[in-house]
Amino acid sequence: RQRYVEKDGKCNVQHGNVRETYRYLTDIFTTLVDLKWRFSLLIFILAYALTWLFFGLIWWVIAYSRGDLEHLGDHSWTPCVNNLNGFVSAFLFSIETETTIGYGHRVITDTCPEGIVLLLLQAILGSMVNAFMVGCMFVKISQPNKRAETLVFSSHAVVSLRDDRLCLMFRVGDLRDSHIVEASIRAKLIQSKQTQEGEFIPLDQTDLSVGFETGDDRLFLVSPLIISHEIDERSPFWDVSRGQLERDDFEIVVILEGMVEAT
């Protein structure tokens, strides 16, 4: 069967016919965080490399327009940037300026007002690029995707009597010593539905009660716990027989939420 949510927790849904793609650019930070690692690293490298190249080209244009490149070795001439003799050195000066390395070989002089303005502009934009890209990388590294792999669900769910009540039960456990703080669990029944008016809903979502009224949905997940859904008059399985349960096409999605204690 084609699943709505895979066993590893990934939603098996692809968005198609999205016309207003500009909305992704309006929320560029979330878009970059949601990208795969190979694209995030590519954008991370390009963001720095392109800014270095861009400002390096401007430094070279300033030196070329002032005639600094024509007076190389002329000690009576005061250039905009000392020891800048070509595009490569302008590119290196751009890297040194934006990363605040400061080797001391190439340095801007006080006779170049356009260079001073460009220096201020590159320092400000460089700080913005650093804050934006480092923030993206930090959020992406701190995502708990790998932490979720140490949360284990039982391979099978069972329907059985518990305290003389018919219940749908499954088990969940945490493999790590660091606990999940304020853990809560909920369950959704994904099933096609046709309303009384004849409307067909292909992926209708129905809540399965796992203790919301009594507070049993808030877990103290120190040891493995059995999560139970009582099949009563309010349950969507109340009128379903055992044979129909085996034939029906539906899916139960269990969502465990909480905060990682270590981070």
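This is a predicted model: local features need pLDDT of at least 70, side-chain atom pairs count only at pLDDT 80 or more; totals for chains, interfaces and linings use all residues.
Let me start with Thr 51, which lies in helix H3; helices here are DSSP runs of type H or I with at least four residues, numbered from the N terminus. Residues are numbered from 1 along each chain as its sequence is written, and side-chain values use heavy atoms, with hydrogens and water left out.

Thr 51 has 17% relative accessibility and therefore counts as buried, a word that means under 20% relative accessible area, computed with a 1.4 Å probe on protein chains only. Its side chain makes a polar contact with the side chain of Glu 98, at 3.3 Å; a polar contact is a pair of N or O atoms within 3.5 Å, where within protein one must be able to donate a hydrogen and the other to accept it, and where residues adjacent in sequence count only if both atoms are side-chain atoms. If we leave aside neighbours within four places in sequence, Thr 51 is in contact with Leu 46, Ser 94, Glu 98 and Val 129, contact meaning heavy atoms within 4.5 Å.

Is Ser 94 buried or exposed? Ser 94 counts as buried, because its relative accessibility is 0%.

Now to the helices themselves. Helix H3, residues 37–66, packs with H4 at an angle of about 125 degrees, with the axes 8 Å apart; axes are lines fitted to C-alpha atoms, for helices over the stretch in contact, and angles run from 0 to 180 degrees between N-to-C directions. H3 and H4 are therefore oblique to each other, given that angles under 35 degrees count as roughly parallel, over 145 as roughly antiparallel, 65 to 115 as roughly perpendicular and the rest as oblique. The residues that meet include Thr 51, Trp 52 and Phe 55 in H3, and Phe 91, Ser 94 and Glu 98 in H4. By class, this contact of H3 with H4 has twelve nonpolar, three polar and one charged residues, where Ala, Val, Leu, Ile, Met, Phe, Trp, Tyr, Cys and Pro count as nonpolar, Asp, Glu, Lys and Arg as charged, and the others, Gly among them, as polar.

Helix H5, residues 113–141, packs with H3 at about 175 degrees, with the axes 11 Å apart, and the two are therefore roughly antiparallel. Their contact divides into 19 nonpolar, five polar and three charged residues.

What do we find where H4 meets H5? Ser 94, Thr 97 and Glu 98 in H4 meet Leu 119, Gln 122, Gly 126 and Asn 130 in H5, and this contact has one nonpolar, five polar and one charged residues. The axes of H4 and H5 come within 9 Å and cross at roughly 65 degrees.

Finally, Lys 140 has its place in H5, and at 6% relative accessibility Lys 140 counts as buried. A polar atom of its side chain lies 2.9 Å from the backbone oxygen of Val 33, and among the residues that Lys 140 touches, beyond four places in sequence, are Asp 34, Trp 37 and Ser 40.

Technical notes: Buried means under 20% relative accessible area, exposed over 50%, partly exposed in between (1.4 Å probe, protein chains only).
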